Amino acid sequence: MKILVLYSYPPAPGGLATQGDLLYKGLLEIGVDARAAHLKSDLEKEWYYRWYQPDVVVGVGFWGDVPDLVLHPRRFGIRTVPWLLADGYVANYRAVLDGMPLVLVTSDWVREIFVRDGIRGDHTVTLPVGCDTDGFIPRNPDDPKVRAVRDSLGVLPGELLILTVGGDAASKGGREVMEALATLGDDVPPWRYVCKVWPQERTDMQNKLDAQLARTLGIHDRVSFQTHQVSRNLMPYLLAACDIYAAPSRQEGFGMPQVEAGACGKPVIGIRAMAMLDTLVHGETAFLANVAQEIHITEAVLGPESGFEPGHHVVFDKPRVSDYRASSQDIAAYLKLLLNDADLRKRMGEAGRRRAVEHFDYRLVARRLVEILSERQL
């Protein structure tokens with residue numbers, strides 16, 4: 001079987017690019033004849049269609065990428081399977097997706113969102129995102145690379161490091177984590193909370209608002225926002241350097257850093273909703289805070305990135321849940337437990353490592369893809 005994988009290739013540090021790259025890498029390692037191309041490079045894609053003649057194109061993206069992942073290869077008679085992440089609702093390309101023999105989704109929650117938004121569900125199959133369990137591994141705190149991370153982040157000896165990674169902290173539940181931390185007082189050992197966020201214009205204002213919240217809560221001296229651009233080479237050591245990974249995300253179609261943190265042997269704090277119901281096990285690999293609030297929207301403004309003209313208004317027949325807010329009280333209770341109990345952190349981290357290896361290793365995901373394609377005769 002010859003498979004052409006379309007994604008943001010060569011990969012940047014972002015989640016979708018890593019998702020595609022791990023699939024490509026996994027296919028090669030299990031002996032599949034695979035190639036990779038950038039989803040938006042029409043000339044390169046056509047070049048592969050003509051000489052490589054793939055049996056199937058697997059495209060990684062979200063529903064707004066349908067023209068690049070589905071419509072372009074279809075023009076050349078190439079069978080295509082999109083592997084899609086949701087962003088809260090599906091506003092366009094329903095007819096195209098509905099007419100496909102197979103659509104892959106990253107979690108059962110994404111499938112539920114697609115069905116809610118009018119796409120038939122009998123042709124969707126959940127394929128989890130892969131995890132590099134060779135790179136993301138438990139590491140000794142005395143590892144010089146791990147110590148160097150903690151020193152670079154300003155973590156003092158004796159402090160426990162709580163970490164959140166995302167485009168911005170708020171989308172990963174960082175504001176709820178800060179609200180929880182502000183209530184702990186002297187009931188826990190010394191801690192430092194680090195939010196690793198990406199330097200980008202669209203999140204600059206949110207990062208400033210989040211930093212202001214830390215000041216308002218009176219914990220700004222123990223909270224830092226790291227906005228430096230980093231490669232994927234640093235991420236295994238960044239996660240290995242923390243004691244608790246906290247990301248009760250407001251919206252999550254899979255939760256790659258949560259799984260990677262588990263692979264590094266770290267306990268996770270998440271939210272009892274969305275894809276984290278697939279990836280994390282409450283009380284075993286993670287603590288899942290209850291949902292305190294659902295945010296509903298009645299309309300949205302979209303643009304060319306989603307297949308519309310600039311400023312296109314979409315009005316929903318019924319209000320849609322766009323994202324969630326985790327209970328800060330629950331987060332506080334779980335943080336208190338974990339900060340005060342090193343043995344509990346160790347046990348949950350070991351369980352997280354086992355789950356990552358047994359369910360999310362990128363080679364297992366590649367094999368599962370091949371099985372799905374064979375079962376569906378694609």
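Visitor: Which helices each supply at least two residues of the lining of the largest cavity?

Guide: This is a predicted model, in which local features need pLDDT of at least 70 and side-chain atom pairs count only at pLDDT 80 or more, while totals for chains, interfaces and linings use all residues. Residues are numbered from 1 along each chain as its sequence is written, and side-chain values use heavy atoms, with hydrogens and water left out. On a 1 Å grid over the protein atoms alone, a cavity is a set of points where a 1.4 Å probe fits but cannot get out, and lining residues have an atom within 4 Å of a point. With helices taken as DSSP runs of H or I of at least four residues, and strands as runs of E of at least two, numbered from the N terminus, the elements asked for are α10 (256–263) and α13 (342–360).

Visitor: How much space lies in the largest cavity?

Guide: The structure holds one cavity of 30 Å³ or more, and its lining includes Q258, V268, R355 and F360. A volume here is the space filled by probe spheres set on grid points that are joined across faces, edges and corners, and for the largest cavity this comes to about 60 Å³.

Visitor: Which residues lie closest to the centre of the largest pocket?

Guide: A pocket is an open set of points with protein on both sides within 12 Å along at least five of seven lines, and the largest one has a volume of about 1,600 Å³. Of the 47 residues that line the largest pocket, the closest to its centre are G15, L85, G167, K172 and R202.

Visitor: Which element gives the largest share of the lining of the largest pocket?

Guide: Several elements each supply at least two residues of this lining, among them β3 (56–62), β7 (160–166), α8 (201–217) and β14 (312–326). The largest share, four residues, comes from α1.

Visitor: How many charged residues are in the lining of the second largest pocket?

Guide: The second largest pocket holds about 480 Å³ of space, and 24 residues line it, with R139, P141, C242, D243 and K266 nearest its centre. Ala, Val, Leu, Ile, Met, Phe, Trp, Tyr, Cys and Pro count as nonpolar, Asp, Glu, Lys and Arg as charged, and the others, Gly among them, as polar. On that scheme the lining of the second largest pocket has twelve nonpolar and three polar residues, and the charged ones number nine.
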